[in-house]
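Dear colleague,

Here is the structure I promised to pass on to you. Please open it first, and then read my notes beside it.

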Amino acid sequence: MSDLQEQSGGGRSSNLSCVWAVAESKAGTLTQCLGVGRQFDPEPVAKLISRTRGIKRLFEPPLFRKREKRPELVISCGFRAEPAVLQIKSAYGGRPLTVHLQRPRIEGYDLVFVSRHDWVDELADRPNYHKMVGVPHQITWARLAPLREGARQRFSPDGRPIAALFVGGSNGAYLYDEGTLEKIKHAVRQLSDAGWCVVASVSRRSEDNTQQALMSLKSEHVFVWDRLSDNPYLAYMAAADAFVVAKDSITMPCEALATGKPVFSLDLTNVEGPRLEKFERYHRDLQNTLQLTRPFEGTIYPYTYEPLDETKRIASVIRAEMKTR
């Protein structure tokens, strides 16, 4: 853990006076921008792209006004942010450094970071394009460490090891059908029978039947977020000795890998097509190429890896670029 704490605690000595995070209000895109942005500015300015259409759009305030303090760094994610970022760059005379955390549809960014599972060979000839593992986020061990003792006492006062189970929802690549729900319930029973305490949480995409399936498993050693109380996600992460993460998420495995704890991927019902191929490339990369995760096959076992901190690494590339400007 000391290695991870050292990784997560540094790298913020050169704070910028103004950083903008430009994205839709979707948590998955915004958290990427804020995670990288906070490596430079503790409070990046969130500029949220509206999805309003028609006449209502005319009555919305503009995304930015030129009289605002000029951002030194603009970080965006999602295709809807792209035109707005280039407008910002033009309005301030091209001076803000612009960074996109996805392969953009339009040109004009200073730096682009593309997930390895989306990378194509033609990008290798573009010096401003860089690979990243999965996606950046806001989870660090420095953030979780102060929560660990209290969270472990709360969920496992008898000292049982704790496994965090994170599940999502159907996404065009995987289906949360009865077969998937049975796999989830079977996994929880296997862990509980093996002496693990299980803390389980759904995501914003989870359907009601997924929530109900998990709630049916609640017991003395199985805790399930009820979606009514405050989300215990950070407490679950801090308490966990290992993770089992459903394969429909790109972000959650990356967050779990920031802890240095074992991370196991839970298979779901496949939906054949290009979207499934993309997700499976991602998981093959994590498991086979990078040796970061393992498939969940009924048991959890220890293994070691260097904790993943792409957020900090991306920030280091941005800093190096800013020094050349």
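The structure holds 17 salt bridges, a salt bridge being a side-chain nitrogen of Lys or Arg within 4 Å of a carboxyl oxygen of Asp or Glu. This is a predicted model, in which local features need pLDDT of at least 70 and side-chain atom pairs count only at pLDDT 80 or more, while totals for chains, interfaces and linings use all residues. Residues are numbered from 1 along each chain as its sequence is written, and side-chain values use heavy atoms, with hydrogens and water left out.

One of the salt bridges joins the side chains of Arg116 and Asp285, at 2.6 Å from N to O. Arg116 lies in the loop between β5 (111–115) and β6 (129–132), and Asp285 in helix α9 (residues 274–289), so the pair ties together parts that are 169 residues apart in sequence; helices (H or I, at least four residues) and strands (E, at least two) are DSSP runs, numbered from the N terminus.

Another salt bridge links Arg313 with Glu310, where the closest N and O atoms are 2.8 Å apart. Both residues lie in helix α10 (residues 310–324), three residues apart, about one turn of the helix. Arg313 is partly exposed, with a relative accessible area of 32%, whereas Glu310 is buried, at 9%; buried means under 20% relative accessible area, exposed over 50%, and partly exposed in between (1.4 Å probe, protein chains only). Elsewhere, salt bridges that share partners join Lys89, Asp110 and Arg325 into one network.

Best wishes
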